[in-house]
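Please have the sequence and the model at hand.

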Amino acid sequence: MTNVVVVGSQWGDEGKGKIVDWLSERADVIVRFQGGHNAGHTLVIDGISYKLSLLPSGVVRKGKLAVIGNGVVIDPHALVAEIDRLAEQDVVVTPETLRIADNATLILSLHRELDAMREDAASNSGTKIGTTRRGIGPAYEDKVGRRSIRIMDLVNTESLPAKVDRLLTHHNALRRGLGQTEIAVDTIIDELMAVRERMLPFIESVWLLLDQKRRAGKRILFEGAQGTLLDIDHGTYPFVTSSNVVAGQAAAGSGMGPGSLKYVLGITKAYTTRVGEGPFPTELDDENGQRLGERGHEFGTVTGRKRRCGWFDATLVRQSVAVNGTTGIALTKLDVLDGFKTLKICIGYELDGKRIDHFPASQGAQARVVPVYEEMDGWNETTVGARSWADLPAQAIKYVRRVEELIGAPVAMLSTSPEREDTILVTDPFED
């Protein structure tokens, strides 16, 4: 028995919801360790769809403990609203089923406003990043700048006015520079007091809680958001999210030592998608790209934005496998490739006339790389609903095996439809 870390191997939207749901049924504790409410997971249980942004997937299953770690930035109003939405679907979130790290950073209204103002200014100059405008980046900036308001400040409110005043010294200077009105300390205090009583029952020293659960032999699932190529360090900077997304962040973002993170499962789509701005070497602007988008229903869970689509990029995923220390992958949406006469896989790039086998870190170089493709025959038979290798067309199996070979990691799970039962299990991550 082991603990499992789930990360996205591409630019997010790889289908983590279904896989995490399957794993959470087997886990005792499910932990979110980075990001904010820009994540979007859709779970379908007994025919009912649950859309989660901030809460760990375990909250919709009875008998599970959901944990939000210190690596997450939390909009308290968004969290309360998400809890209330679930209550309308008869899912009651209580302090017995959800714990929140006392040292997690809070997202405030001023963060959302700054995010939107910056993005608007960048849009006018043609340099926008494509954020979700939810204040996540500015909140992480304040965390690193050592001026953020944290969950624990809702407990000990005596020092809160001084901390808010220090925060506003920074933000009001920014607002003046952007031609905006300044914010009063009492405005932020009132904003926090409006949700304080709803938040207090969930607050916990999460590092201590997780250590106790580990010692008791409980199965712990670490649920990542976004994807490796959006990592602040290892992604396509500056078109990235504002946190570390890679598997190593599961330790830093939860307070559990890295020696306890045993199996890293990389969720990997059988083709490639991306939302928002930034480089995308295998992007298709033709009928194939449109077909992938239509068949894969490629629209963001949180934003509703249409996803850009392209061929599978083995070079990028191989890089993700190395950075994450991936043990095995869950290959999703194989069924979307049904009926393609020919499939292409990117096996490397050409950069300024030279062949390279990795994605460069330079923004300029990323924009200039040209994908080198390997072609494979497609298949006409359906893979929808396949639950064993015997149910798959021979050519589909060849495609999967070639992906394994190119990325340097085995397929542990293979998904062939949005239904959780339509999964071929090769290796149980909890039992590896």
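Asp-352 is exposed, with a relative accessible area of 56%; exposed means over 50%, buried under 20%, and partly exposed in between (1.4 Å probe, protein chains only). This is a predicted model, in which local features need pLDDT of at least 70, side-chain atom pairs count only at pLDDT 80 or more, and totals for chains, interfaces and linings use all residues. Residues are numbered from 1 along each chain as its sequence is written, and side-chain values use heavy atoms, with hydrogens and water left out.

**Backbone geometry**

- Most residues other than glycine have a negative phi, and most peptide bonds are trans.
- Asp-352 has a positive phi of about 55 degrees, although it is not a glycine.
- Asp-352 sits in the loop between β16 (342-351) and β17 (354-356). Helices (H or I, at least four residues) and strands (E, at least two) are DSSP runs, numbered from the N terminus.
- Asp-13 also has a positive phi, near 60 degrees. Its place is the loop between β1 (4-8) and α1 (16-26).
- Asp-13 is partly exposed, at 24% relative accessibility.
- The peptide bond from Tyr-237 to Pro-238 is cis, with omega near 10 degrees. Pro-238 belongs to the loop between β10 (220-223) and α8 (249-252).

**Salt bridges**

- Side chains of opposite charge can pair when their charged atoms come close.
- A salt bridge here is a side-chain nitrogen of Lys or Arg within 4 Å of a carboxyl oxygen of Asp or Glu. The count by this rule is 28 salt bridges.
- Asp-75 and Arg-112 form a salt bridge, at 2.7 Å from N to O. The pair links distant parts of the chain, 37 residues apart: Asp-75 is in the loop between β6 (73-74) and α2 (76-88), and Arg-112 is in helix α3 (residues 109-125).
- Asp-75 is buried, at 3% relative accessibility, whereas Arg-112 is partly exposed, at 28%.
- Arg-133 and Asp-120 form a salt bridge, with their closest N and O atoms 2.8 Å apart. Arg-133 lies in the loop between α3 and α4 (136-144) and Asp-120 in helix α3, so this pair ties together parts that are 13 residues apart in sequence.
- Arg-133 is partly exposed, at 33%, and Asp-120 is partly exposed, at 38%.
- Lys-163 and Asp-153 meet in a salt bridge at 2.6 Å, N to O. Lys-163 is in helix α5 (residues 160-177) and Asp-153 in the loop between α4 and α5, 10 residues apart.
- Lys-163 is partly exposed, at 35%, whereas Asp-153 is buried, at 4%.
- Salt bridges that share partners join Asp-13, Lys-269, Glu-298, Arg-307 and Lys-333 into one network.

**Second largest pocket**

- Rolling a probe the size of a water molecule over the atoms shows where empty space is left.
- The second largest pocket holds about 230 Å³ of space. On a 1 Å grid over the protein atoms alone, a pocket is an open set of points where a 1.4 Å probe fits, with protein on both sides within 12 Å along at least five of seven lines.
- Residues lining this pocket include Ile-45, Tyr-50, Arg-61, Lys-62, Lys-64 and Asp-90. Lining residues have an atom within 4 Å of a point.
- The lining divides into six nonpolar, two polar and four charged residues.

Methods:
Points joined across faces, edges and corners; volume = space filled by probe spheres on them. Nonpolar A, V, L, I, M, F, W, Y, C, P; charged D, E, K, R; others polar.
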